[in-house]
Amino acid sequence: MSLIFYYAPMSTAGITHLVLEELGVPYEKVKLDLKKGDTKKPEFLKLNPNGKVPTLVHDGVPLWESAALTMYLGETFGVEKHLYPAPGTKRGEAMKWVVWTNVTLGDAVYRLARNTMSWVPEEQQNAKAGEAAKKDVADCLRILDEALEGRSYLVGEYTLADTHVNSYTDWLRHMKVDFSPYARLNAWSKRCAERPAYKRVMAET
Ligand SMILES: N[C@@H](CCC(=O)N[C@@H](CS)C(=O)NCC(=O)O)C(=O)O
């Protein structure tokens, strides 16, 4: 079995890194430098024409998109390890949270960053769009917080859905989004951060 993981520090690839560490499967890491344009080089574009990390090559087959990678790795290596549900409604719930994170929450976060962050030139920002995005992010976090009512993890026991969603919300903490209204979400994040795989990855970055 060959599994090659192309990544860059402090990027979306951090999600897949955590997933791989949780699974404990052997994999080879290839570090790319985004500032040097490593993801835009022809040999990398052959693997991922989007020129982005994370990218995974499993037994010679290139795979990309962090949500797809979490679900693929989960169903391939995670079921017996009780880190990803077998096919059925729990699998559906895990997929729901992973896709929701990248699509619904991800869209609101993209708009928030695009319209409020200092690395986007001010003349390209729209204050009203920034306000709308802030509200949408808050709505998403409230939905996540409410989903954690009465449960320790998103789908019963800890699964890669928790790994994925928590890794994504870590970014929002870096972006200084206010997490103070979400007690259940904060307690869940603390539980996720106690995982040995999480601690290993954080020690590396
Ligand atoms: N939707 C993709 C987004 C991946 C993405 O945007 N990756 C960024 C890093 S966070 C990247 O590789 N950018 C390449 C570059 O800036 O050269 C996913 O979830 O995997």
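Residues are numbered from 1 along each chain as its sequence is written, and side-chain values use heavy atoms, with hydrogens and water left out. Because the model is predicted, local features need pLDDT of at least 70 and side-chain atom pairs count only at pLDDT 80 or more, while totals for chains, interfaces and linings use all residues.

**Exercise 1. Describe the fold of the chain.**

Step 1. The chain contains 8 helices and 4 strands; helices (H or I, at least four residues) and strands (E, at least two) are DSSP runs, numbered from the N terminus.

Step 2. Along the sequence these elements follow the order β-α-β-α-β-β-α-α-α-α-α-α.

Step 3. The radius of gyration is 17 Å, close to the 17 Å that the globule rule gives for 205 residues, so the chain is as compact as a globular protein of that length. The radius is taken over C-alpha atoms, and the rule is 2.2 Å times the number of residues to the power 0.38.

Step 4. The C-alpha trace spans about 50 × 45 × 30 Å along its principal axes.

**Exercise 2. Characterise the surroundings of the ligand.**

Step 1. The residues around the ligand (a heavy atom within 4 Å) include Thr12, Lys40, Val53, Pro54, Ser66 and Asn102.

Step 2. This shell divides into 2 nonpolar, 6 polar and 3 charged residues. Here Ala, Val, Leu, Ile, Met, Phe, Trp, Tyr, Cys and Pro count as nonpolar, Asp, Glu, Lys and Arg as charged, and the others, Gly among them, as polar.

Step 3. Oxygen atoms of the ligand lie 2.8 Å from a backbone N or O atom of Val53, 2.7 Å from a polar side-chain atom of Ser66, and 3.4 Å from a side-chain N or O atom of Asn102.

Step 4. Taken alone, the ligand exposes 520 Å², of which the protein buries 70% (Shrake-Rupley method, 1.4 Å probe).

**Exercise 3. Locate Lys135.**

Step 1. Lys135 is part of helix H5 (residues 127–147).

Step 2. Its C-alpha atom is separated by 9.3 Å from that of Leu112, 23 residues apart along the chain.

Notes. A polar contact is a pair of N or O atoms within 3.5 Å; within protein, one must be able to donate a hydrogen and the other to accept it, and residues adjacent in sequence count only if both atoms are side-chain atoms.
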